[in-house]
Amino acid sequence: MRVNLLYKDKNLKKIEIGELERNLLQDLGLDIVINSMSNGEELSKEIITQVLVQPLTEENEIVYRQEIVQDAIENIDLFKKLNKLADDVIESKKKSLFWMMNKKPSGVLFSNVRMMETLIEYLLELKKILENPGYVTSEGLKTLIENTRKILTQDYIDQLKQLLKILEFKEIITFSTKIGHANRLSEFVLRLKEEKGSILKIFSKDKGYSFVIDERDEAGFRALSEIKDKVLIDIAKLVHEAVSSILRFFEILKEETSFYIAVHHLHETIKDKGYWSCFPKINKFFPNRVIKDLYDLSLMFVTKEKIIPNNLQEKDFITFIVGANQGGKTTFLRSLGIAQTMFQAGLFVPAKSFDSHINSSLFTHFKKEEDVNLESGKLDDELKRMDEIVKRVRPQALILQNESFASTNEQEGSEIATQILTAFKENSIETFYVTHMYTLAKAFIDSQNVNYLVVEVDDNGKRTFKVKPGKPQSTSFGKDLFYKVFDGVT
Amino acid sequence: MTFNSLLTATGKTVKENEDTIKDLRVDLIIDGISRLSREPIGDILFDRLTKKKDILYRQKILKDIQKPEFLKILKKFSQNFEKVKNYIELSSKSSFEITLKGWHLEAALNYINSLEEFYSAVSNLKIESEGFNEFKDFLKSYIASNEFKTLKEEAIFTKNQLNEIKAIVNIKENKIYVNNFNNEKRLDNDIKKALSKLVYYEVEKLDFEIIESHILSNVEEKILELIKKLNYEPFTALSDFYKKHRDFIEKTVEQFYKEIQFFLTFLEYIEPIKKMGLSFCFPEIAEGNGEVYFKDSFDLALAKQQSEKGKRIITNDLHVNKGEKILLVTGPNQGGKTTFARMFGQLFYFATLGLMIPGVEAKLFVCDHIYTHFEKEEKVQSKKGKLEDELARAKAILDKATDKSIIVLNEIFSATALEDAYFLAEFLIKKIVNIGAIAVFVTFMHKLYRVDNSIIPLTSNVETENPAIRTFKITRRETKGRSFAIYLAEKYRLTYDCLKERLKDES
């Protein structure tokens with residue numbers, strides 16, 4: 001019996017949130033989104049974070065999760081009920097003070113048998129909830145319902161209860177043993193406890209022997225319990241494993257339902273604020289994106305002004321985003337990053353339509369504003385971060401760069417960036433690069449598979465916050481002038 | 001053909017004085033090797049061989065051991081035999097009779113098994129060295145002997161008898177009942193089957209820490225006593241076996257076990273260094289002083305120390321032609337001069353132990369002695385007193401040295417007035433040239449190379465490109481300049497060329 005509401009066949013791995021992941025969350029403003037989704041709950045926050053930094057890369061994985069997200073939007077009650085039940089189990093575990101206090105096999109066995117008796121009641125409750133689940137269409141939920149019904153039959157529950165009764169050893173224990181290495185007692189096997197009378201019968205019938213430990217022989221009693229412990233090791237491990245596994249089930253149930261409750265909450269928030277979302281379509285070509293009315297979701301939480309949405313059509317390995325400052329270059333980069341991350345988390349995305357390929361992974365390399373180190377230290381830091389990305393990058397990854405390598409002069413910065421981008425392009429790595437370095441943008445002007453987006457400035461020189469296909473413009477007037485005067489010479 | 005020893009054919013050895021051992025850091029190396037050894041082998045490491053024949057005898061042994069297949073066999077044998085000795089010790093320490101005889105029987109079983117396993121593994125293996133072949137022949141006849149056969153039959157018979165015992169124990173409060181097993185139904189399988197339906201998650205498995213003392217509790221002893229009462233025959237066999245085979249270990253086998261420790265421990269000691277990418281080789285050994293060379297060699301003590309930190313040290317090459325005598329090492333401080341001098345002495349030391357030495361190839365000779373003269377720092381003395389001491393030590397060396405000696409002089413006369421120092425050093429060098437010994441002379445006096453044409457001038461260089469590495473080559477090098485930004489990009493392997501390689505590897 002497994003939860004499997006995030007993946008069809010596995011649990012969410014808890015990876016270490018390293019520098020790359022922290023950068024991704026911060027650079028894209030995803031931490032703002034996560035905060036709102038989780039409603040301040042730490043567990044939700046952790047789970048959402050983990051889900052977002054581990055993008056799905058298979059179409060069937062994405063579809064599997066999208067279906068459950070849809071169920072959550074339609075039938076949040078079921079998720080809430082399951083979440084509450086899981087929470088109750090975890091609370092009751094915390095309350096059972098004596099569970100696992102004892103480190104010896106006999107003690108562990110005793111407390112686990114008690115715990116198991118409690119858990120059986122909760123399993124029955126789970127069964128009850130899932131017998132009347134309401135609106136369910138996803139494969140994930142259907143499987144959970146089906147498995148619960150199959151495993152938790154009345155016969156099985158009865159059998160479990162009976163076994164637990166046998167395991168409540170009090171003072172009598174019977175086991176077989178052999179003569180092992182260096183003549184120690186070994187190969188202890190627990191044997192069925194006989195009725196009180198019959199034991200004596202067995203042992204008086206033939207030439208059995210017995211001895212008694214004196215009431216005052218403390219060492220003797222200690223030795224006796226040590227032997228009991230050795231006999232019970234395997235059984236104690238077994239029962240403990242079963243108990244832990246059921247507890248794990250409920251822990252995971254809590255985590256995974258928390259995620260969907262948070263997703264439902266986000267969906268409501270977007271609606272309340274008057275924005276839109278859609279379920280993405282998966283494009284099988286790479287690179288290939290057609291997006292309509294994409295907006296920066298993180299901005300939605302911090303601004304009262306209406307956010308200007310953008311469209312994107314892209315079939316290129318490198319996309320430069322250039323043009324006037326404060327024109328919405330970074331906002332656009334972020335909106336794409338957030339949408340792609342949500343898409344590959346199996347969620348809806350902040351756009352009216354979203355048709356995109358799957359990236360193998362997603363990285364950000366943003367200029368760090370707060371960095372007030374010496375110039376050389378800054379470049380060193382930028383290179384170090386890029387080195388970390390390169391260590392993990394695979395073909396078809398997406399790297400979002402924002403003013404990378406602007407910490408050195410334009411000549412050197414462009415030189416470094418050109419070399420890196422060329423290598424990325426040749427290895428089918430996709431890059432979006434916001435830059436004001438004309439030297440860099442110009443370096444690719446004749447290359448294939450390179451796309452340029454320019455922030456729009458209207459006739460009055462006012463920024464419209466729209467990005468449109470275009471060509472990079474030099475900001476150096478001297479050259480402009482030269483080309484103007486000598487037009488036709490070249 | 002009888003088996004004598006793996007260590008020597010003639011038994012001729014020589015020891016170096018304490019200064020040499022310390023100055024060359026040979027003491028650290030010997031200490032490190034000794035600590036890894038199962039048996040005391042320190043003595044062997046202080047006895048340098050003086051005959052080429054002996055050196056080659058050991059080299060051949062070590063070459064055999066170097067074959068991975070044979071090494072595995074020897075290691076296994078060594079482990080097994082250590083266990084035998086361990087069990088015998090446990091037996092002798094037991095006060096409870098059933099346990100005492102139990103450990104003794106286990107020791108015998110392991111002994112039998114280790115020898116048979118070893119013999120069957122080596123019987124079809126091609127072995128080159130005389131020493132090993134002699135032992136193999138010995139083992140063949142020993143295993144076939146009646147003595148061994150009886151030991152084996154009786155040990156196995158006794159163990160089988162004990163194995164067949166099965167008892168049932170019932171504990172009820174403070175009463176313990178013991179009887180022979182009578183097919184009582186087992187409980188664990190049903191529980192396992194039922195519970196397995198609930199185990200769907202990998203959970204942390206409990207691991208109970210049962211500290212198993214070798215001393216039995218009175219309860220276990222009593223239970224065993226009762227089982228013994230119920231099973232007369234097996235326990236009688238056990239007692240008989242103990243009486244008849246108290247000391248079953250053959251002396252030659254034990255000697256062999258002790259001697260292979262010398263080689264195995266040495267290999268174990270150098271293994272982590274090899275993992276760092278450094279090499280060891282069997283040096284070619286000449287009888288007399290002539291051509292000497294080594295390639296990619298290093299200071300063993302330093303390499304060991306650095307390998308523990310996961311670091312690898314820089315190696316050095318040198319070719320000393322016939323007629324060249326004095327290796328004059330000058331150059332900046334912290335440049336690896338002393339390390340180079342130590343390495344030179346160590347190479348001769350370990351080559352004449354018949355062992356492998358640091359390097360990919362080397363040619364050395366059988367030296368009669370290795371003399372060292374290092375600056376003594378510990379004693380605070382007047383300048384005059386210090387010079388006097390230095391001169392006295394120098395004289396002692398010159399008096400004894402021959403054309404087969406190695407002399408390592410480190411920073412001699414460094415506290416003396418420059419003019420005096422040059423004068424004394426010149427004298428010293430001429431004297432050594434006269435004697436015909438080979439010497440390493442580490443000094444700040446770089447002009448000394450003019451003294452004699454048998455001097456090879458060598459210079460240390462501080463590593464500039466990667467200051468993280470703190471051991472350095474005795475060679476000249478150049479540095480090239482380039483733009484800072486691209487230099488940095490190269491440092492992180494982020495230039496186009498670097499990335500092309502990296503992304504290819506990683507995709």
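## A strand pair in chain B

In the predicted model, B:F374 has B:N410 of β13(B) as its bridge partner. Strand β13 covers residues 406–410 of chain B. Five bridges join β12(B) to β13(B), and the two run parallel. Two strands count as paired if DSSP finds at least two bridges between them. Helices (H or I, at least four residues) and strands (E, at least two) are DSSP runs, numbered from the N terminus.

This is a predicted model: local features need pLDDT of at least 70, side-chain atom pairs count only at pLDDT 80 or more, and totals for chains, interfaces and linings use all residues. Residues are numbered from 1 along each chain as its sequence is written, while chains are lettered from A and ligands numbered from 1 in the order in which they are written.

## The sheet around it

Five strands of chain B form an open sheet in the order β12-β13-β14-β9-β15, with parallel pairing. β12 (370–374) and β15 (455–459) of chain B stand at the edges. Each has a single partner strand, so one side of each is left without a neighbour in the sheet. The twist averages 15° from one strand to the next.

Helix α14 (residues 337–351) of chain B packs on the sheet. This helix touches β9 (326–330), β12, β13 and β14 (438–442) of chain B. The direction of α14(B) makes about 160° with that of β13(B). Axes are lines fitted to C-alpha atoms, for helices over the stretch in contact, and angles run from 0 to 180 degrees between N-to-C directions.

In chain B, helix α5 (residues 68–93) packs against helix α12 (residues 251–275). The angle is about 130°, and the axes are 11 Å apart. That makes α5(B) oblique to α12(B). Angles under 35 degrees count as roughly parallel, over 145 as roughly antiparallel, 65 to 115 as roughly perpendicular and the rest as oblique.

The crossing of α5(B) and α12(B) is left-handed. That term applies if the near helix is turned anticlockwise from the far one by less than a right angle; clockwise gives right-handed. From α5(B), the contact uses B:L74, B:K75, B:S78 and B:F81. From α12(B), B:Y257, B:I260 and B:L264 take part. By class, the residues of this contact are five nonpolar, one polar and one charged. Ala, Val, Leu, Ile, Met, Phe, Trp, Tyr, Cys and Pro count as nonpolar, Asp, Glu, Lys and Arg as charged, and the others, Gly among them, as polar.

## Where the chains meet

Here 68 residues of chain B are in contact with 76 residues of chain A. Contact means that the C-beta atoms of two residues, placed from the backbone, lie within 7 Å. On the chain B side, the elements giving two or more residues include α6 (97–123), β4 (175–180) and α9 (188–196). α10(B) gives the most, with nine residues. The chain B side has 38 nonpolar, ten polar and 20 charged residues.

Strands also pair across the two chains. Seven bridges join β1 (residues 172–179) of chain A to β3(B), and the two run antiparallel. A:I172 stands opposite B:K172 in β3(B).

## Inside chain A

Chain A has 16 helices and 13 strands. Of its 490 residues, 41% are buried. A residue is buried if 20 or more other C-beta atoms lie within 10 Å of its own, exposed if 12 or fewer, and partly exposed in between; C-beta atoms are placed from the backbone. Among contacts in chain A with a separation of 6 or more, 77% join residues 24 or more positions apart.

Strand β9 (residues 362–366) of chain A has five of its five residues buried, so it is largely enclosed by the rest of the structure. In a regular strand the side chains alternate between the two faces of the sheet. A:L362, A:T364 and A:F366 point one way from β9(A), and A:F363 and A:H365 the other way. β9(A) pairs with β10 (residues 398–402) of chain A in the parallel sense over five bridges. A:F366 stands opposite A:N402 in β10(A).

## Backbone details in the loops

The peptide bond from A:F286 to A:P287 is cis, with omega near -10°. A:P287 sits in the loop between β4 (281–282) and β5 (289–294) of chain A.

A:S428 lies in the loop between α14 (410–426) and β11 (430–434) of chain A. A:S428 is partly exposed, with 17 other C-beta atoms within 10 Å. B:R493 is in the loop between α17 (484–491) and α18 (496–506) of chain B. B:R493 is also partly exposed, with 15 other C-beta atoms within 10 Å.
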